[in-house]
Amino acid sequence: MQDKNTTIGKPVNRIDGILKVTGKADYSTDHPVQNPAYAVIFKSTIASGKIKRIDSIAAEKSAGVLAVITHNNAPKLNPKGGIRGGALLQNADVLFYGQHIGVVVAETFEQARHAADLIKVEYEQSDARIDFEKIYKDGVKPKDKEDEKRGDAKAALENAEVKIEETYATPIYHHHPLEPHATIAEWQGDKLTLYNSSQIVNGAQNAAALTLNLKPENVHIVSPYIGGGFGSKGGQWGNLILAAIAAKMVNRPVKLALTRQQMFNSVGFRQRNYQKVSLAATKDGKLTALAHETSTHAAIQDEFVEPCGDCSKIMYDTPNSLISYRVTPMNLILPTYTRGPGKSTGSFALESAMDELAYKLKMDPIAFRLKNEPEKDPSNGKPWSSRKVVECLNVGAKAFGWEKRKMEPRQLIQDNYLIGYGVACGTYPAHQRDSSAIVKLKREGNNVTATIELAAADLGTGTYTILAQTAADALDLPINKITVKIGDSDLPPAAGSVGSVGATSYANVVNDVCNKVTDELIARSGKQYFVRPTASQLMISEKIADIQARADSKPLETAEQYSSHSFNANFAEVWVNQSTGMVRVERFLAVTGAGKILNPKTARSQIIGGNVWGIGMALTEESIVDPRYGHFVTRSLAEYHVPSNLDIGELDAIFIKEEDTLSNKLGIKGIGEVGIVGVAAAVANAVFNATGKRIRELPILPDKLL
């Protein structure tokens with residue numbers, strides 16, 4: 001039973017909530033600097049070729065303009081510094097529509113924007129690779145992904161008693177965090193401060209330093225609050241460096257914020273995928289083969305391939321498996337990590353195929369999944385540190401009312417609506433990463449307070465709060481006596497808030513440093529104790545005014561002996577209007593097994609946020625490239641349709657109790673990524689159950705159902 005004095009596991013309100021709702025939390029361009037100038041990027045209007053001439057005379061003469069920066073006057077940079085997507089004004093080459101080709105700096109944002117509109121560019125255009133449908137079959141093996149084979153999937157498919165072979169397509173998706181990418185750059189001599197939203201604080205520091213040919217200690221990243229990122233702020237893009245260049249050139253602090261339209265071709269996206277999934281099974285439903293073959297695209301100058309086959313490697317027990325990728329270069333900005341990278345898109349294909357084969361076998365899709373539950377990780381033979389798929393499915397089925405589902409489609413009708421039920425599973429790996437932290441304790445009389453410091457990141461997920469909870473329990477202090485300082489590269493280095501490693505890495509190191517300072521206080525007292533005293537008790541009893549300690553935490557040495565993942569089961573009820581083809585997700589339930597839940601309130605928020613995006617992925621979201629020019633037809637949130645409150649029905653989240661200290665000491669697994677995995681497939685499967693129409697290309701728009 002949870003001790004009544006602990007805060008971990010309780011739905012504590014966010015300690016930074018008041019700052020955010022009152023507007024006092026400083027995001028990227030909110031930080032006060034003296035006499036800032038404003039920068040606006042101007043972009044290429046061709047997808048492939050060279051810049052012949054840039055006419056900036058009118059812009060330079062325009063009111064308030066301080067500088068126009070192009071490849072003709074930009075400083076030489078290190079192109080291998082780690083900035084994603086290039087576009088650093090180093091030459092006249094144009095590799096995609098919307099590539100940064102210059103920056104205007106002016107006294108005001110309006111002046112900079114007006115001057116940028118006055119720039120005239122002449123190009124030498126060349127043929128561009130911008131129509132994925134025409135070139136994807138020319139794809140080749142990626143540089144770092146060999147085909148993964150176990151057994152002989154092709155032979156097993158040829159000899160299968162029952163099989164399906166289908167191709168599933170997902171479009172380009174964009175991240176679109178509420179806070180667009182934005183930076184304030186300020187120089188003091190050779191030292192640079194960048195106020196910038198960074199999911200990996202130390203990663204941004206190192207990338208900026210290497211690219212600008214500076215020592216890392218001369219670059220200071222300040223990122224206390226982040227208005228969402230979803231992977232786009234995991235790596236850093238050209239706009240960060242252009243802000244620094246602009247500030248150096250005008251010798252003033254410079255604010256550079258991307259517009260919503262510029263976000264479409266400045267900071268990556270989730271690439272378009274064709275995924276052929278082939279499944280074979282015996283007549284009684286035992287899988288004998290699984291092949292997951294992905295065709296996708298990357299940039300002309302660099303490669304990124306989303307690992308769509310990751311779920312297929314581990315979710316189900318089969319003796320024969322093939323996971324492969326083929327990639328073709330395109331004149332688009334480099335794709336990048338997007339929430340649940342690979343797993344969200346990959347699970348749509350895998351879990352749709354599982355539903356299709358279950359229907360062909362005349363099996364309940366839950367029973368089909370349970371029949372193929374693996375005892376150990378099929379991809380590497382490692383034992384699971386824990387795996388709660390069975391519990392997720394069984395608990396979810398009971399809570400959702402799965403028994404109401406009919407096997408045959410179009411059986412549940414109310415008024416003019418077809419009603420359907422769908423299920424799909426998901427997974428995401430759980431890892432701890434190296435992190436360091438400092439704790440500082442102070443005492444005034446009997447009042448003991450603590451400050452926790454580390455270069456962690458809070459995307460808006462509740463990092464401040466869960467770290468305060470962790471420290472409060474480890475130090476035996478009320479949570480209001482804990483101050484958390486994060487988001488600053490001057491603090492001890494820490495893992496990024498990416499790949500669901502944040503909570504695990506941060507909470508473990510905070511727990512370690514609090515235990516370490518307690519050990520040091522016990523040693524300082526010179527006494528022996530039958531019951532271990534707390535840090536606050538020792539500060540008071542030993543009359544110690546202040547003390548601090550640092551811990552550097554690494555993953556458990558035994559962690560790699562196990563396969564550690566979060567798992568879920570997603571349940572969707574959809575209503576499809578027979579006249580219009582409009583789909584509404586009336587109910588959605590996510591059941592998740594993700595180790596120790598530090599704060600069920602912030603955790604539920606994370607899961608529901610992922611579910612909403614997964615519903616948008618299924619029904620509304622897609623970025624469309626104009627095959628003539630390489631520009632996005634969808635260039636704002638008016639055209640890129642993100643679900644709003646009225647689009648979403650009843651959402652609920654259940655967490656399965658899970659004790660797993662094999663992966664890390666505190667048994668935390670992370671939930672930020674897994675919340676979106678399997679969601680789109682659950683919706684698509686429910687649409688089939690409602691209508692009898694199998695939609696294999698997202699989004700599921702009304703015209704595909706009519």
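Q: What makes helix α13 and helix α14 a packed pair, in terms of angle and axis distance?
A: Helix α13 (residues 463–475) and helix α14 (residues 502–525) pack at about 30°, with axes 9 Å apart. Axes here are lines fitted to C-alpha atoms over the stretch in contact, and angles run from 0 to 180 degrees between N-to-C directions. This is a predicted model, where local features need pLDDT of at least 70 and side-chain atom pairs count only at pLDDT 80 or more, while totals for chains, interfaces and linings use all residues. Residues are numbered from 1 along each chain, and side-chain values use heavy atoms, leaving out hydrogens and water.

Q: Why are α13 and α14 called roughly parallel?
A: Angles under 35 degrees count as roughly parallel, over 145 as roughly antiparallel, 65 to 115 as roughly perpendicular and the rest as oblique. The angle is about 30°, so α13 and α14 are roughly parallel.

Q: Which residues of α13 and α14 meet?
A: Contact means heavy atoms within 4.5 Å. Among those that meet are Ile466 and Leu467 in α13, and Val510 and Cys514 in α14.

Q: Why does cysteine 514 count as buried?
A: Buried means under 20% relative accessible area, exposed over 50%, and partly exposed in between (1.4 Å probe, protein chains only). Cysteine 514 has 0%, so cysteine 514 is buried.

Note on methods. Helices (H or I, at least four residues) and strands (E, at least two) are DSSP runs, numbered from the N terminus.
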